[in-house]
Amino acid sequence: MARLKVFKRKKIEGIDDSVYLSLREERRISRNNNRIIKRFEREKARKNVPEKEYLTVMRDPGNVVEFEDLHTYFFTDVGTVKAVNGVSFDVPQGKIVGVVGESGCGKSVTSLSLMQLVQAPTGQIVAGSIRYKASDGKVYEITQMPKDQMLKIRGKEIAMIFQEPMTSLNPVFKVGEQLDEVLLVHEEVKSDAEAKKRSIDMLKLVGIADCEKIYGNYPHELSGGMRQRVMIAMALSCNPRLVIADEPTTALDVTIQAQILELLREIKDKYEGSIMFITHDLGVIAEMADYVVVMYAGRIVEQGTVREIFHHPKHPYTIGLMKSKPGGETVGDRLYSIRGQVPNPINMPDHCYFCNRCDQAMPICHELYPGMTHFNEHHATACFLFGDEILQEEEVMESIR
Ligand SMILES: Nc1ncnc2c1ncn2[C@@H]1O[C@H](COP(=O)(O)OP(=O)(O)O)[C@@H](O)[C@H]1O
Ligand SMILES: [Mg+2]
């Protein structure tokens with residue numbers, strides 16, 4: 001067999017080439033990944049798992065969801081992407097929790113972990129807990145739940161509104177058929193006629209005037225705003241206790257965005273549900289959320305009530321985000337932007353991830369990762385400016401090797 005000729009690449013100034021690997025190294029990573037992935041997949045495929053293995057108790061009974069030290073990794077051929085790396089926060093009953101952060105910081109992967117929809121086999125929840133309090137009063141440990149049990153919760157109790165409705169609606173089925181299917185699969189209704197009636201009611205609820213006609217349309221016949229409304233109708237049709245809205249208005253224009261947000265809020269109040277609202281738009285968060293979680297590179301850098309985060313932000317990244325928001329003091333000036341880039345997700349440093357972009361970085365920031373400093377029950381930040389807590393993390397990679 002012909003041997004591959006390997007050219008030695010010259011190092012180019014300023015370019016991080018740490019992700020370029022030799023063939024041999026790539027094979028070694030791939031072999032290792034296969035071994036780890038197989039173990040996780042075997043665990044997930046178990047049948048007839050006794051319920052007591054995935055039943056647990058809430059830390060605070062007022063919460064619907066509790067994330068605790070969640071780690072979700074992607075085992076790719078170029079290395080392990082620690083997309084969510086030790087995230088802990090709660091979603092209280094009847095409240096809206098906003099999750100913010102720039103693209104790629106792990107917002108979607110956090111929510112997909114809760115739905116058990118992380119792209120397997122490369123993506124795996126490797127450590128931590130996600131506790132969910134179901135309507136029957138039982139508390140489930142989502143990370144341990146078998147796939148067949150998850151089907152009872154997903155879509156019925158926890159619903160998700162995705163960013164781009166065109167990719168989530170099936171183009172070859174009419175809107176009505178897709179809405180009916182949700183109701184029939186989850187046994188909310190007994191007959192097709194009943195399903196049709198409920199679907200049309202749902203379309204009316206989300207503010208579609210011509211609902212009988214829309215019911216018979218294909219997704220491509222609708223505008224973006226209409227499609228997003230259909231997605232919301234579908235998500236809410238089984239009266240979920242928790243809605244995950246993953247950038248639900250990013251693909252829409254501003255007037256439609258305002259209407260959709262209003263609609264979500266109204267519906268939440270009507271059903272007394274909770275919403276986990278994911279966005280990179282701080283304006284939307286200010287309007288919608290009760291609590292805010294600020295993520296950066298797979299970790300939470302600050303969390304608190306919306307008032308604390310907007311009026312008393314502590315972490316330099318949160319302060320930067322606030323400054324880079326259009327409007328307010330920046331009218332007429334150039335918009336502020338946080339210099340630099342998020343570190344390469346494959347080789348995360350073991351010091352603060354933000355220090356190279358931070359104006360207030362101290363020597364310790366380049367050496368260690370800060371732990372959470374708590375200001376009160378809700379408000380906390382991971383920054384050495386406010387305390388000398390050091391993140392004591394057990395090496396997750398070691399434990400799964
Ligand atoms: N299927 C995948 N395979 C490999 N890496 C992924 C995959 N999905 C997401 N990631 C990585 O996980 C990180 C977080 O992604 P994501 O949660 O989608 O970000 P966002 O905050 O924009 O929603 C990113 O670095 C992304 O590259
Ligand atoms: Mg996303």
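1. Two strands are said to pair if DSSP finds at least two bridges between them. By that criterion, β7 and β8 are partners, running parallel over four bridges. The structure under discussion is a predicted model, and the points below should be read accordingly.

2. The β7-β8 pair belongs to an open sheet of eight strands with mixed pairing, in the order β7-β8-β9-β4-β10-β11-β13-β12. Its edge strands are β7 (158-161) and β12 (373-374), each of which pairs on one side only. In general, the strands of a sheet pair through backbone hydrogen bonds, either parallel or antiparallel.

3. Strand β8 (residues 242-246) deserves attention for its burial. Five of its five residues are buried, so β8 is largely enclosed by the rest of the structure. Leu 242, Ile 244 and Asp 246 point one way from the strand, Val 243 and Ala 245 point the other way, and all are buried.

4. β10 and β11 are joined by six antiparallel bridges, with Val 294 having Glu 302 of β11 as its bridge partner. The hairpin formed by these strands has two residues between them, and within the hairpin Ala 297 takes a positive phi near 50°. β11 is also joined to strand β13 (residues 380-381) by two bridges, again antiparallel. In β13, Thr 381 stands opposite Glu 302, and Ala 380 stands opposite Gln 303. Six of the seven residues of β11 are buried, leaving the strand mostly covered.

5. Helix α12 (residues 316-323) packs beside this region. Its buried residues are Pro 316, Tyr 317, Thr 318 and Leu 321. They pack against β10, β11 (299-305), α10 and α11 (306-311).

6. Asp 290 lies in the loop between α10 (282-288) and β10 (291-296). Is this residue buried, partly exposed or exposed? With 18 other C-beta atoms within 10 Å, Asp 290 is partly exposed; a residue would need 20 or more to count as buried. Beyond its neighbours within four places in sequence, Asp 290 is in contact with Lys 95, Ile 96, Val 97, Thr 305 and Val 306. Gly 216, by contrast, is 74 residues away along the chain, and its C-alpha atom is separated from that of Asp 290 by 38 Å.

7. The largest nonpolar core comprises 93 residues. In soluble globular proteins, nonpolar side chains tend to be buried together. The members touching the most others are Val 97, Ala 233, Ala 235, Met 276, Phe 277, Val 294 and Tyr 296. Ala 235, leaving aside its neighbours within four places in sequence, is in contact with Ala 159, Met 160, Ile 161, Pro 240 and Val 243.

8. A second open sheet has five strands in the order β1-β6-β5-β2-β3, with antiparallel pairing. β1 (55-56) and β3 stand at the edges with a single partner strand each, so one side of each is left without a neighbour in the sheet. β1 pairs with strand β6 (residues 139-141) over two antiparallel bridges, and Thr 56 has Val 139 of β6 as its bridge partner. Helix α1 (residues 23-44) lies across β2, β3 and β5 (123-133), running at about 145° to β2.

9. Which residues are closest to ligand 1? They are Phe 74, Ala 83, Lys 107, Ser 108 and Val 109, within a surrounding set of 16 residues. The elements giving two or more residues to this shell are β2 (63-76), β3 (79-92) and α2 (107-114). α2 gives the most, with three residues. By class, the shell has six nonpolar, nine polar and one charged residues.

Notes. Residues numbered from 1 in each chain as written. Chains lettered and ligands numbered in written order. Predicted model: local features only at pLDDT ≥ 70, side-chain atom pairs only at ≥ 80, totals over all residues. Near = placed C-beta within 6 Å. Nonpolar A, V, L, I, M, F, W, Y, C, P; charged D, E, K, R; others polar. Contact = placed C-beta atoms within 7 Å. Axes fitted to C-alpha atoms, helices over the stretch in contact; angles between N-to-C directions. Core = buried A, V, L, I, M, F, W, Y, C linked by C-beta atoms within 7 Å. Buried ≥ 20, exposed ≤ 12 C-beta atoms within 10 Å, placed from the backbone.
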